[in-house]
Amino acid sequence: MDQFISAFLKSASENNFQQLAKEFLPQYSALISKAGGMLSPEILTGIHKALQEGNLSDVMSQIQKAISAAENAILEVAVIGQSGTGKSSFINALRGLGHEADESADVGTVETTMCKTPYQHPKYPKVIFWDLPGTGTPNFHADTYLDQVGFANYDFFIIISSSRFSLNDALLAQKIKDAGKKFYFVRTKVDSDLYNEQKAKPIAFKKEKVLQQIRDYCVTNLIKTGVTEPRIFLISNLDLGTFDFPKLEETLLKELPGHKRHMFALLLPNISDASIELKKHFLREKIWLEALKSAAVSFIPFMTFFKGFDLPEQEQCLKDYRSYFGLDDQSIKEIAEKLGAPLADIKGELKCLDFWSLVKDNSIIAQATSAAEAFCAVKGGPESSAFQALKVYYRRTQFLNIVVDDAKHLLRKIETVNVA
């Protein structure tokens, strides 16, 4: 980040953006996670072209277009499975809800899904999980099923089973493939299988061997029914951090479009330090883009006064990060209840709750810097760009790091209670 912003300022002061254009793509590639970034190839090309031409207004416009697309992305996920397979539990887990929550999907051993049912994510209303009828219902017909459920609206399909996948599952997967959509086989309740196997064979039991047997059985069964190279993900809805759920997360992120990838990353639950770091990686990319956009905007005289990163925006930024990592007020209250600890004690352990303690600085240096920032904003140019780019980058990064540390702290407390 420092290297690229320095290069931006040097190029701006010399009115020569050719070198900056050369550095943009390598810098961006090094920044994004292994699951990919939020910028589409078209947006990347647009920013690169604008930098080559020294068109800062277009740089700002292209970045804002990408950020708006990510923030307003609509994501619709179809989940298909028989009653008792853990389909509703899977949906609730991705929505961060317990089975007894008012907005949770119905969980039961009898068929509760006779028609498609939408479940909005409680924090991201543009993300909808669709609970679809299983392939074993009397009205299932592979040739007409996708049209009946409106397949074109869904970004991808999750086909769930708690035992073996049926011929109907395989037929449906082929129809989904023919329609140009992605599908993933999820084998649930592997924790129950392991428990039963260990109870039945306590001496011979080997966890990895049993998991491989489950995987091989599913793969072999699907190949026999005509599915080529099926991808199977073994999960436990009661403990998403184990087994293949992290691999499923990474696969889905890689195969979604960039703007929807960013949205999906934000809604993923904090199941491990790795999942928290993955979400952090996506937000670091956005911070980098916000800083570059701010540098471009602030080059224009007076624009900082209209579009600067002022205190109200900083406070909202911190609130957003808290929400992304499950540290909003309601989530903290629920965690305290889960831990059986006083809410005040839990809040006292978190640094991200006191915005003013994070931004307050009454030193003479801070006051002088503020005056210099205002002076540069009037003139615009590279000095103003420097102030705003660094301010946006370092303040957002400060907030992000503090929230991530707090999220990991609470995760460790929850894990300790679960183990006990």
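**Exposure, helices and cores in a predicted protein model**

Glu-229 is exposed, with a relative accessible area of 77%, where exposed stands for over 50% relative accessible area, buried for under 20% and partly exposed for values in between, with a 1.4 Å probe and protein chains only. The structure is a predicted model, in which local features need pLDDT of at least 70 and side-chain atom pairs count only at pLDDT 80 or more, while totals for chains, interfaces and linings use all residues. Residues are numbered from 1 along each chain as its sequence is written, and side-chain values use heavy atoms, with hydrogens and water left out.

Glu-229 lies in the loop that runs between helix 9 (207-224) and strand 6 (232-234), and its phi is positive, about 50°, although Glu-229 is not a glycine. Most residues other than glycine have a negative phi. A positive phi, near 60°, is also found in Phe-243, which is placed in the loop between strand 6 and helix 10 (245-255) and counts as partly exposed at 23% relative accessibility.

The protein chain as a whole has 19 helices and 6 strands, which are DSSP runs numbered from the N terminus (H or I with at least four residues for helices, E with at least two for strands). Of the 420 residues in the protein chain, 49% are buried, and the accessible surface comes to about 20500 Å², with 53% of it belonging to carbon and sulfur atoms; these areas come from the Shrake-Rupley method with a 1.4 Å probe, and for residues only the protein chains shown count as cover. Among contacts (heavy atoms within 4.5 Å) between residues at least 6 apart in sequence, 70% join residues at least 24 apart.

Helix 4 (residues 56-71) has 16 residues and reaches 22 Å from its first C-alpha to its last, close to the 22 Å expected at 1.5 Å a residue, the expected span being 1.5 Å times one less than the number of residues. The buried residues of helix 4 are Leu-56, Val-59, Met-60, Gln-62, Ile-63, Ala-66, Ile-67 and Ala-70. They cover an arc of only 165° around the axis, which puts them on the same side of helix 4; the arc is that of the directions from the helix axis to the C-beta atoms. In helix 12 (residues 273-298), 20 of the 26 residues are buried, so this helix is largely enclosed by the rest of the structure.

The largest nonpolar core has 66 residues, and those with the most contacts inside it are Phe-90, Phe-156, Ile-158, Phe-264, Tyr-321 and Phe-325; such a core is a set of buried Ala, Val, Leu, Ile, Met, Phe, Trp, Tyr and Cys residues joined through side-chain atoms within 4.5 Å. Its largest share, 11 residues, comes from helix 19 (residues 381-419). A second, separate core of 29 residues includes Val-149, Phe-183, Phe-205 and Ile-232.

Lys-116 lies in the loop between helix 5 (87-94) and strand 2 (117-120) and counts as partly exposed at 33% relative accessibility. Apart from neighbours within four places in sequence, Lys-116 is in contact with Trp-130, Asp-131, Leu-132, Pro-133, Val-149, Gly-150 and Tyr-154. The C-alpha atoms of Lys-116 and Leu-132 are 4.5 Å apart in space, although the two residues are 16 residues apart in sequence.
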